[in-house]
Amino acid sequence: MAALAPPVAAIRVAVRRALTGLPSGGVLVACSGGADSLALAAATVFVAPRLGRTATLVTVDHGLQDGSAARAEAVAAWGREIGFASATVVRVEVAGRPGGPEAAARDARYQALTEVARQQNAVAVLTGHTRDDQAETVLLALARGAGPRGLAGMPARRDLGGVPLLRPLLEVGREQTRAACAVLGLSPWQDPHNTDPSYVRSRVRADLLPALVRALGPGVVDNLARTARLVAADNAALDDLAGTALAVARHPDGGLSAPALLALTPAVRGRVLHAWARELGAQPGALSHRHVTALDALVTDWHGQGPADLPGGVRVLRRDGRLTPVAVG
């Protein structure tokens, strides 16, 4: 019996780890036809039945390129051929969604994955993000001046509309997924968007990250991904502290006690204010460091200034020693 090729083995091990411990039930694999998602799909269709699970596949047609519908149908046909219980094509509309083209496509894709997962009662959705994707995410966060949440990159597990979204390959390099596809005789689709310089991530992938590798050595990709893991662990600890602090800071007459907030360390206080702003209805995607800084000034630099305006029509003022939301208009 021939030995299993190391890239294939590494990806199967990663998938097995991700699926172990989930509630009983089937899993859904998102597959675009690129090397990362093909390697993930091939590993999942092998591993899932051996853990007593069914595996289904979904491919999302964003309709952004000529031939996208035919390509999506080909991916679904491949999925059925290799043994997935079902393979579905979902067409989404990207135009008209908020944000840039990358954000709009991502939003449409995740919405579609959530809907299919609910229809199939899947216990998890798996995506093929790799260690290289994580490194790119950290670089993008650094470039836009993101705080610890941005530097934590993509979590290995997050909630997707009530369904766990798992990223089993965050410890696997992109070169391993390509090598696995070669071993398995798979022909990945090369998404032209990945090399289109009009997309920021494409420029990071094609120019910035390779330049860093040349200057600092191949370990820079793993180092960036490890930074995300370390920062994510720190974030979790700070979030726990902030949750407790938010409960303590709540004023019996509503709002938050300014003296209680002032007693907190800046890192914890910022998280408390961020969480509270979201409670008030501030739109998460639009809530920025600038808004939290304005709230913080009501606590640490109080000199009778007016209210702080938050996205979503939320306004907060300081009154009688507490931060209080007020109606707008």
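Trainee: Which side chain meets D309 in a salt bridge?
Mentor: Please keep in mind that this is a predicted model. The partner of D309 is R315, with a distance of 2.5 Å from N to O.

Trainee: What does D296 pair with?
Mentor: D296 forms a salt bridge with R269, and their closest N and O atoms are 2.6 Å apart. This pair links distant parts of the chain, as D296 lies in helix α12 and R269 in helix α11, 27 residues apart. Both D296 and R269 are buried.

Trainee: And how far apart in helix α9 are R226 and D222?
Mentor: They are 4 residues apart, so about one helical turn separates them. R226 and D222 form a salt bridge, with 3.3 Å between the closest N and O atoms.

Trainee: Changing topic, which residues touch the most other members of the largest nonpolar core?
Mentor: They are I11, V15, L19, V27, L57 and L126, in a core of 36 residues. Helix α2 gives the most to this core, with 10 residues.

Trainee: What other core lies apart from it?
Mentor: There is another core of 23 residues, including A258, L273, A277 and V314.

Notes. Residues numbered from 1 in each chain as written. Predicted model: local features only at pLDDT ≥ 70, side-chain atom pairs only at ≥ 80, totals over all residues. Heavy atoms only, no water. Core = buried A, V, L, I, M, F, W, Y, C linked by side-chain atoms within 4.5 Å. Buried < 20%, exposed > 50% of the residue type's maximum accessible area, 1.4 Å probe, protein only. Helix = DSSP H or I, 4+ residues; strand = E, 2+ residues; numbered from the N terminus. Salt bridge = Lys/Arg side-chain N within 4 Å of Asp/Glu carboxyl O.
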